[in-house]
Amino acid sequence: MEKLQPHRGDVLVSEPSTIGDLTFNRSVILLAHLDAEGVVGFILNKPLDINLGELIPEIEENFKIFNGGPVEQENLYFIHNVPNLILKSVKIKEGIYWGGSFETIVELINTRQITSANIKFFLGYSGWDPSQLESEIDMDTWVIDYETKANDILNSLKYGQFWQEKMKKLGGDYLIWSNAPENPNYN
């Protein structure tokens, strides 16, 4: 059987067996960077109880902030779909870019030239060394979703429960998990 390899722009979906891991239980993660030094990803479906205006007072809009992962949670990261407006962006995959000029973002948000449909903010990120992620994939901690569209990445909350939707799409034995409570002991 061919070994599955993750690539930049792929999405990791946590296996139902990650129950008890508060950070990664029912997580859907965009892989933003992969090289010999390490892997960086952002959890797409874990909103925090803080918004961007509370964190950055000069921003007049209330964009949700997501828990990007357990690494460097004091740092703010962002992905977006407007590289023509945000200079110094790095392409993750077609339609999704990482980083760029934060001063430009403040101006674009305050002048309503970009909305939450264009950008997503994270505190922290998820990180692995390459062999660690490969090992976790081999141990069936993650399923690699090669087909998640850019629009779904930026609007992961718009469609309800993103992880549950991924379980439905995977089908087979995963279908039962799409309707299971977060803690099976509640069932």
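This dialogue goes through a predicted model, feature by feature.

Reader: What should I know before reading the numbers?

Author: Residues are numbered from 1 along each chain as its sequence is written. The model is predicted, so local features need pLDDT of at least 70 and side-chain atom pairs count only at pLDDT 80 or more, while totals for chains, interfaces and linings use all residues; side-chain values use heavy atoms, with hydrogens and water left out.

Reader: How many helices and strands does the chain have?

Author: Helices (H or I, at least four residues) and strands (E, at least two) are DSSP runs, numbered from the N terminus. Here the chain has 5 helices and 10 strands.

Reader: How is burial read, and what percentage of the residues is buried?

Author: Buried means under 20% relative accessible area, exposed over 50%, and partly exposed in between (1.4 Å probe, protein chains only). Of the 187 residues in the chain, 48% are buried. The accessible surface, computed by the Shrake-Rupley method with a 1.4 Å probe, where for residues only the protein chains shown count as cover, comes to about 10000 Å² for the chain. Carbon and sulfur atoms hold 49% of that surface.

Reader: Which way do the residues of strand 10 point?

Author: Strand 10 covers residues 142-145. W142 and I144 point one way, V143 and D145 point the other way, and all are buried.

Reader: Which strand is joined to strand 10 by 4 bridges?

Author: Two strands pair if DSSP finds at least two bridges between them. Strand 1 (residues 11-14) is joined to strand 10 by 4 bridges, and the two run antiparallel. One of the residues involved is V13, whose bridge partner in strand 10 is V143.

Reader: Where do the buried residues of helix 3 lie around its axis?

Author: One looks at the arc, which is that of the directions from the helix axis to the C-beta atoms. Helix 3 (residues 130-138) has L133, E136 and I137 as its buried residues. They fall within an arc of 100° when seen down the axis, so they line one face of the helix. These residues pack against strand 1, strand 2 (28-35), strand 3 (38-43), strand 9 (119-128) and strand 10. Just after helix 3, D140 takes a positive phi of about 60°.

Reader: How many salt bridges does a search of the whole structure find?

Author: A salt bridge is a side-chain nitrogen of Lys or Arg within 4 Å of a carboxyl oxygen of Asp or Glu. The search finds 2. In one of them, the side chains of E61 and R112 meet at 2.7 Å, N to O. This pair links distant parts of the chain, 51 residues apart: E61 is in the loop between helix 1 (52-55) and strand 5 (64-67), and R112 is in the loop between helix 2 (102-110) and strand 9. E61 counts as partly exposed because its relative accessibility is 22%, whereas R112 counts as exposed at 59%.

Reader: Which side chains meet in a salt bridge at 3.0 Å?

Author: Those of K91 and E94, again given as N to O. K91 is partly exposed, with a relative accessible area of 41%. E94 is exposed, with 60%.

Reader: How is a polar contact read, and which side chain does T148 join in this way?

Author: A polar contact is a pair of N or O atoms within 3.5 Å; within protein, one must be able to donate a hydrogen and the other to accept it, and residues adjacent in sequence count only if both atoms are side-chain atoms. T148 lies in the loop between strand 10 and helix 4 (150-154). Its side chain has a polar contact of 2.7 Å with that of D145. T148 is buried, since its relative accessible area is 2%. Leaving out residues up to four places away in sequence, T148 touches V11, K93, I153, F162 and K166.

Reader: Where is Y146, and what does its side chain reach?

Author: Y146 is in the loop between strand 10 and helix 4, and its side chain reaches the backbone oxygen of Q5 at 3.4 Å. At 39% relative accessibility, Y146 is partly exposed.

Note on methods:
Contact means heavy atoms within 4.5 Å.
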